Amino acid sequence: MEKPSTLISHIEAFVDSARVLNQHAKSVDAISSLIKNDLLTLEALVREMELYLTSTDHIIRGRGTLLLAEVLNCLLEKPLDSHTISILVEFFTAKLEDWQVLWGVLVGCLALLKRTKKFGMVDNSDARTLAKSFLINVQVQSLAVRDRKGDDLVYGICEAIDEEKDPRCLMLNFHLVEILGHLYPDPSGPMASFAQDIFDILSRYYPIYFTHPKDDGLDIKREDLSKGLMNAFSSSPFFEPFVVPLLLEKLSSSLLSAKLDSLKYLNSCLYHYGGKRMVKHSRVIWSNLKDVIFNFSPERPLLTDELDVDMKSEVNQIRMEALNCLETALSCFDFSEQDSFLCLIIDDPDIGTKLESLTSITSYSGTSAEIQRDLSAIGGIFTSIAKVSIYCCNKVFLKFFPCLMDVLGVSRNHSSQFCITNHKTVHGGMNFGALFLSVELLSSSRELSLVSNIAAEFIAESKSWFFMLKSFSMDLCHVLGSVLRTSNTSMVASEKEGVLCAVKGLQSLSTFPSSCSPISEGCYEDVLEILMSIITGRSDETYLWNLSLKALVQIGLWIESASGHDSARGICYNKVVEKILSMLQTNDSMVSLSLKLVAISEIANVGQYVLSIIRALEDAIISSLVACIQGGLKSSDSLVGLLECYTSRVLPRCCTSGSFDDVAVQFSINIWNQLENVSVFNTDVTMQNVLDQVMITMKLLVAGCTVENQSLILKKAHCVILSMDFLKTQPFQSIHGIIALSCRDKWIASLFGSVVIALRSQTPLTDMKGILNLFLILLPEGNLPAAQALASMVNKCPSSINEPEISARLSLDQACEDILKLCLWTLESNSHLKQYNFLDRDICSQRSIVLGMAWVGKGLLMRGHEKVTEIAMFLMKCLVSDSNEDITLQQQKENGKGVGMDANSSLATSAADAFHVLLNDSEDCLNKKFHATIRPLYKQRFFSSMLPILLSSIKESGSTSKKIALYRALGHIISDTPLAAVLAESKKIIPALLDTLAISGSETSHKKIVYSLLLVLSGILMDDNGKVTILENIHTVIECLIKLISYPDLMIVRETAIQCLVAMSVLPHARIFPFRPRVLKAVATALDDRKRAVRQEAVRCRQAWASIASRSLQF
């Protein structure tokens, strides 16, 4: 047993309210641990705490009681005998009279009530004693909120709920009523006796009006309170005589939220009260539901394929909830009650009258809004009935389906219980009202067949809905097909609904379970043939073509889900897939390549056909690639489309099927084989758009592979590299000087770079020294993939290597040393370095090297390597060096160009743009998709290190051209750095940012930088600390923004500048009021801007700044 002195120290630490909360928690944990480990018993603990539990000081007494309660809370899974639990219940029951220690008592009561039978729980008699004491002694409304909480405490219902306004306590009260409803189902119990009293109090809160502000700190919404009250109402059937009349009365409310709540509550009550209690309300329930359904149905059929009704709107929710109530009512009644309620619906004179008028619809769009609502309403009612049960489906089919078929011109001598004598049909014997309702019944019977076990004897029964549907199915297919056959490209809106119905009907007929399919195999093949004829022969009818394709996809998904149960239909569907794939091999003009690819990519949603589709696409890609290589430039557009479809739509589906690696390795190596087998391209055109797309494909294929498979692709690519024309006479290591690449060599080098870019860091590079040398030679020639490959190499290269690998591999430092030789600014004495002298190169090579160094620097920066500093300094040298201007002028003279050369062609501009490469996120390489090493906060660290250097360089620079380049670099760094880092340096940034905007605003080539910097400025304006800095520079900021209002080169710059001025209108009045006339005058010119978005923002800005005067008057 624990020594008393140690135990008492724990007790005193908790009882002392001056101690910190951590010490209190540690005391509870320590005492609980002793009891859990049987080093202390609860009886011994209570004896030691006797003085604290009975002290005359209410603070000590309260802390002692709370300690015991908290310890019990930690012992929920500690077995306790019934005697101990009974003693504890007796103690806390008695303590309920002591209001000064009530919080600890409630915590203790809750801890005891939470205990489960497995570890010893409170018995029923003790629970009743506790509840009785609670009702007598606890005045709930006078307690603090924390003392009123207790989900499972049984307290005085009326007293606890009456006039309660705190939403947190209301949630608990509603939950309490719900629990009591489940605890006392006995007709002679307390809930039955006090049901009306509790309802009278609960009904005052219905419907829920929740007016608490959003920022009140409560995590309770109106929906939470409404759901809590709904659960309380439906918790006991004894509420039925009071709740149901209230809900039916509120259904007539003009408030939409009250109407919606009434339907939700009624649905819950129908489910929980049961049919026997609710049957007496059946007639009035149907009457009210009918009114809601007809009044709130949309003015168009609710077809799932094309639905522009806002599904989340309150009006549509009311309709859907009413239909749910109808389904619930039919489901909760027993057979006789259900039959009676069903007859109320289907024999309703209003249904018959409206159905008569609906079958006179010949053109849906030309009918009145009332007719359209009626059609949607009856369709919804039929659907809801048919989905409930086989019996309900039989009743509604027997009542209406034969007569609908008769209106459509389909007759099979089935007697109908409903007759329509005055119907009209459109051309070809079609009536839209009958077509729509027939398809809705068809669709709902299919849904029923998916969830019901339909017995064989039911299928053979002549009066079943299935038998009836089967007898009509072939002619119905013909009718639906005729609707599609008679449609045309110039169909008006009224014909689209008919086409949509027909496609939906064919899809439903084709996706019944095989055990109860109403159509024969021949009819199923006819359906597929109808849809396929549209895909292959009617691509000009876009609306119909898209619907048919979606239907084919859904049929395929159904076949896949029923795999093994419907093999015959699977074989039929295979022919559909084969026919779609065969379109790739034909050059017919009936279907464009883009539509063929859409069809193929959509069919790829059916998982079991993904591999077949991929193989067909790969064959088509290889054929087009060979055609392009052989000089067929016309094939280039086709190849780009094929590759885009392959990479963006089809290839991702392989990831889920687990076959990605096999596909990627095979296709990658196949591409390399084609390049290897062609010694000369029969074209001198690089076909850059094709090459770019092939590179993207190669990167995605390699990136998704495992290390082992990447090594296989790399090995094959390396073999092809060795067959490059310029390598036939010299090995990798001896390449030097300028090289002339053939078209084939450019393709091979670029694709090899793509492979290197996508490798994982664990994948070893074959002949790394040779590959590095190759890319270093290609980089000055402007080969971007070579630069990005070098960047990927230094980003993923191991920091150190083992001795045996040195001959084939390079360490990171060695690789960086070789790369940085390109940055040598002046000629060194070593003759072998002459090829690397930067200043001796032409301007194009210099710019290519600057861009390449930017990519290499990005790779080093992302992994946090110190060598990035050398590259950054090289770029700064290009920006500020005096020799730069002389060299640029000399190069211009040599090339015969004028001195007034565009700024984009200068070396300094390239160096400035290199900072954008360093910090901007790239989709092409060095990202997570291509397994880059990314150190957290690398952008912020670079920003912090470069900001002072650039600011000081700007200050020291005397040349205007240098300042423009330096500001361009600064603009890239500011705009590409995360805003949080910029905000931290806002005092330094704002003046420089405004200077950059002022200088860049006059340069057309700087328009993207101007927009990016405006976004940064708007972010600073939204930050509280940023606003302080803005106020310090208020004059300069406003003048800069006013100038940008008339920025001619980019509309979005003008729009954003005005938005920034709007944001500034809420700054302190005294600081911005002097600028009001200037701003209003400038904005007035924007009111006549040629772009509507700018004019709208100008109106907002004028209103915001004009209101400053009224704020002044109010002040």
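# Cysteines, rings and cavities in a predicted model

Cys816 has a relative accessible area of 2%, so this residue is buried. The structure discussed here is a predicted model.

The sulfur of Cys816 has its closest cysteine sulfur in Cys797, and the 7.8 Å between them is too far for a bond. A disulfide is a covalent bond between the sulfur atoms of two cysteines. In this structure the number of disulfides is 0.

Is Cys655 buried or exposed? Its relative accessible area is 52%, so Cys655 counts as exposed. Cys655 belongs to helix α33, which covers residues 652–657. Along the chain Cys655 and Gly704 are 49 residues apart, while their C-alpha atoms are separated by 8.5 Å.

Rolling a probe the size of a water molecule over the atoms shows where empty space is left. Searching the whole structure gives 3 cavities of 30 Å³ or more. The volume of the largest cavity is about 140 Å³. Its lining is made up of 13 residues, and those nearest its centre are Thr763, Leu765, Met793, Lys796 and Cys797. Which helix gives the largest share of this lining? Helix α39, residues 784–796, supplies that share with 3 residues. Sorted by class, the lining of the largest cavity contains 7 nonpolar, 3 polar and 3 charged residues.

The next topic is aromatic rings. The count of aromatic pairs is 20. In one of them, Phe397 and Phe401, the ring centres are 4.7 Å apart and the planes are at 35°, so this pair is tilted. Phe397 and Phe401 are 4 residues apart in helix α22 (residues 390–407), which means that about one helical turn separates them. Both Phe397 and Phe401 are buried. Tyr573 and Tyr609 form another pair that counts as tilted, because their ring centres are 5.7 Å apart and their planes are at 45°. Tyr573 is in helix α29 (residues 567–582), whereas Tyr609 is in the loop between α30 (593–603) and α31 (610–629), so this pair ties together parts that are 36 residues apart in sequence. Tyr573 has 0% relative accessibility and therefore counts as buried. Tyr609 is buried too, with a relative accessible area of 6%.

Phe397 and Phe401 also belong to a cluster linked by ring pairs, together with Trp465, Phe466, Phe472 and Phe512.

| Charged residue | Ring | Distance from the ring centre |
|---|---|---|
| Arg63 | Phe14 | 4.4 Å |
| Lys354 | Phe294 | 4.9 Å |

Where is Pro207 found? Pro207 is in the loop between α12 (190–202) and α13 (222–233). The peptide bond that joins Tyr206 and Pro207 is cis, with omega about -10°.

Leu926 is not a glycine, yet its phi is positive, at about 50°. Leu926 is placed in the loop between α44 (907–919) and α45 (938–956). With a relative accessible area of 4%, Leu926 is buried. The loop between α44 and α45 also holds His931. His931 is not a glycine either, and its phi is positive, at about 65°.

Technical notes
Residues numbered from 1 in each chain as written. Predicted model: local features only at pLDDT ≥ 70, side-chain atom pairs only at ≥ 80, totals over all residues. Heavy atoms only, no water. 1 Å grid on protein atoms, 1.4 Å probe; cavity = no way out; pocket = protein on both sides within 12 Å on 5 of 7 lines; lining within 4 Å. Points joined across faces, edges and corners; volume = space filled by probe spheres on them. Helix = DSSP H or I, 4+ residues; strand = E, 2+ residues; numbered from the N terminus. Nonpolar A, V, L, I, M, F, W, Y, C, P; charged D, E, K, R; others polar. Phe/Tyr/Trp six-rings, centres within 6.5 Å; stacked < 30°, edge-to-face > 60°. Buried < 20%, exposed > 50% of the residue type's maximum accessible area, 1.4 Å probe, protein only. Lys NZ or Arg CZ within 6 Å of the ring centre and 35° of its normal. Disulfide = S-S within 2.5 Å.
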